[in-house]
Amino acid sequence: MTEQATWKIRVTGVVQGVGYRPFVYKLARERQLVGWVRNDPEGVLIEASGRESALLLFSEELATEAPELARVDYVEALSKSVGQSAATRFDIVNSERNGAKVALVPADTHVCADCLAELRDPTDRRYRYPFINCTNCGPRYSIVRALPYDRSQTTMHSFVMCERCDQEYRDPASRRFHAQPNACAECGPHLFLADRCGTVLQGEAALQQCARELTAGRVAAVKSVGGFHLAVDARSAESVALLRERKRRDSKPFAVMVRDLATAHRIVELSAAEEELLRSPARPILLARKRPGSVPESVAPRNPNLGLMLPSAPHHHLLLDEAGLDVLVMTSGNISGYPIVHRNEDALQQLFEIADVILYHDREIETRVDDSVVRLSSHPELDSPLLTFLRRARGYAPYPVEVGRPLAPLVAYGAELKTTVALSAGSRVYLSQHIGDLKNDETFASHHKTAAHLASLYDLRPAAGIYDMHPDFRASRAHQGIGEQGDPMFVQHHHAHMAACMAENRLTGQAIGVVFDGAGYGTDGTMWGGEFLVGGFERFERATHLRRLALIGGDRAVREPIRTGVSIALDTFGDIDVAAQAFPEIARLETDRRHVYSTMRARRINSPEVTSMGRLFDGVAALLGVCSHAEYEAQGPIELEGLLDRDLDVADGYEFAHDTTEVDFRPVIRAIAADLAADIPLAEISRRFHSGVVAMVRRQCREISRGTGIRQVVLSGGVFLNEFLLVNCITMLRREGFEVYSHRQVPPNDGGIALGQLMVANSIADLGERADLVPGVGGRAQQE
């Protein structure tokens, strides 16, 4: 082996803003190498000279010993030459801004242990400074405006570092070397507290007064990393009731933020894997099984879970350190139906409708980012706990999904609810954070801005925009692109769900797609939602589906599930009076209302038909008296599953009827009515219903496989947020010899749709075909 050599090395992944260059600097010096390291739009570029054996070890350690926040995709030696360079030392040199932007934007992260120790050390110059950070922690994606990730291209550009901060920033041996948000109380951002009278406090006084307001039972709006939270003392039933009254949210569970892991263990049951996820740098909201009586039932009514998170910003720690404030409700700071507020002026204008005081700061948030919501599921037949995203946002966005195949440059705009956007380049899909429901102008504007921001960060120029084929979805109707030149393409909703699950699991070939959700526009112009599909990325066929059910009153049936309950009972028994005898919840309706519903369904007056599994769950929950009127999406199905108390044991399930094209739910409804009449407990009825759905999925997949030979199964759609269904469908199908895949990187609900849209459109482009010409994909003719 040659003794002296010079290597030029490329490192890609999340390697900017995470302390990677100081790591390289220290590692090179330890290996007695000379040369340089710098950031550029592709990642990190290194030129190192020294003994070849040292270079070999150095290149291996660039991946294996990387800092905690780094995510190294690959390390590649671009060139190798014999002999040593003229360099006499190893340096960190200025960033290069020319070239393709493929370096990954780091996500926002927690407060590291070192910074937390300094925050609480009275002798440290950053004692109780609410914006303490270093290269190992702090805000990233929410403050970055452009790449490379340098201070001048973040919202920290207006804060000029004092002499001591500047020395840290320029010292390669410092933990704050090139920490772009680096600051202290002398030169950095500050906290402010405003009340309804216009009084404004600053700094420590603002923080202390906010704590006093919370202790006194009042509501505070708190500016966090990616937007505002609304906070109250979670141990006070009166405070929780006050927040519910002002936010007009009677039932939807609130998330809580806890002081530390010890506090978390006192209010929920935590496994070792759940504990590890809670304290990960992403600091997500984790759905954990709550301990009875640990917090008021009103925090998460009729739900066995409590969504909780650890502090993600320094001032969270300072608030929760106060006596009596170890558990705070921290729910999204927004007016119902609108995106989370992230600008100070909007908070001061809007949030006093709910909050008594507003704690804010003068570091701008460039990109609003909600909290991520996750769940870990365990089962004896699973190799490891199963991670499911309910919402993918802070701490995870905008990390891409690596799909393992080359992709055309496209942009996908998702669906209508829980929307995300996605852009493709190379073999990556850059998936945005959760944006929300595109029902209002502000969320729609945020949707467009997020797409444009992602494209700008990576200098992406998408050739075409991809949309859901539903003619009434706002994004699909508007075609409000970000400069793409090609004609828009349209992808069927459930095909996109299926493709998203295939993509993140890097599947090839054909699969059986079990796609259960609320509703999506089908290729036949009707609404689907309980689908068994067969196909791949390029095209699909509809193998079978749930029996159609009528939504009496259209969209009102989603808000009033009793309408769907009446509908499926009428379909089963044929007469409204017989249905009322079978189900007390129908009998409780006024006689006139019952007959109006019956007439609407019989005459098909504003009663569109859907094959939706989500709506079937709605109807069953309503007929059982679990939820006849929904305050939030999927309340009935969530509370119906809540009766199971996270016990995943399968019972003797109700049996669906089957034929070659349809799964009939009417035998299930008859069996539920019989069990109700026999006074069987609701929890047992719920378990039999859930178990029946699992058995139906197993039977349908078995039949489809018998005819096609396909053994890959993917589970997707919002209904598979149901833990009982997801885990038991996986385990039951694996017992049958199927290879079963679920979502682990993106949500199974519409938060993952954009990924699937890109994969379908890319596959069509590979075939040289247009989306509007491919059977099972849909196209512009149905939009126009």
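Colleague: How far is the sulfur of cysteine 501 from the closest cysteine sulfur, and in which residue is that sulfur?

Modeller: This is a predicted model, in which local features need pLDDT of at least 70 and side-chain atom pairs count only at pLDDT 80 or more, while totals for chains, interfaces and linings use all residues. Residues are numbered from 1 along each chain as its sequence is written, and side-chain values use heavy atoms, with hydrogens and water left out. A disulfide is a pair of cysteine sulfur atoms within 2.5 Å. The gap at cysteine 501 is too far for a bond: the closest cysteine sulfur is 12 Å away, in cysteine 701.

Colleague: How many disulfides does the structure hold?

Modeller: The structure holds zero disulfides. Cysteine 165, for example, is in no disulfide, and the nearest cysteine sulfur, that of cysteine 184, is 3.6 Å away.

Colleague: Is cysteine 165 buried or exposed?

Modeller: Buried means under 20% relative accessible area, exposed over 50%, and partly exposed in between (1.4 Å probe, protein chains only). Cysteine 165 has 0% relative accessibility, so it counts as buried.

Colleague: What radius of gyration does the protein have, and what would a compact globule have?

Modeller: The radius is taken over C-alpha atoms, and the globule rule is 2.2 Å times the number of residues to the power 0.38. For 784 residues a compact globule would come near 28 Å, and the protein agrees with this at 27 Å.

Colleague: Which residues does leucine 616 contact, leaving aside its neighbours within four places in sequence?

Modeller: Leucine 616 lies in helix 19 (residues 613-623); helices (H or I, at least four residues) and strands (E, at least two) are DSSP runs, numbered from the N terminus. Its relative accessibility is 0%, so leucine 616 counts as buried. Contact means heavy atoms within 4.5 Å. By that rule leucine 616 is in contact with Leu546, Leu549, Ile568, Phe656, Phe665 and Phe689.

Colleague: What distance separates the C-alpha atoms of valine 357 and leucine 533?

Modeller: Valine 357 is placed in strand 15 (residues 357-361) and counts as buried at 2% relative accessibility. Leucine 533 is 176 residues away along the chain, and the two C-alpha atoms are separated by 52 Å.

Colleague: Where is serine 432 found?

Modeller: Serine 432 is buried, with a relative accessible area of 1%. Beyond its neighbours within four places in sequence, the contacts of serine 432 include Arg392, Thr420 and Leu454. Serine 432 is found in the loop between strand 20 (422-431) and helix 11 (441-457).

Colleague: Which peptide bond at proline 398 is cis?

Modeller: Most peptide bonds are trans. Proline 398 lies in the loop between strand 17 (386-391) and strand 18 (400-407). With omega near 5 degrees, the cis bond is the one from alanine 397 to proline 398.

Colleague: Is asparagine 606 buried or partly exposed?

Modeller: Asparagine 606 is not a glycine, yet it has a positive phi of about 45 degrees. Its place is in the loop between helix 18 (591-602) and strand 27 (609-612). At 48% relative accessibility, asparagine 606 counts as partly exposed.
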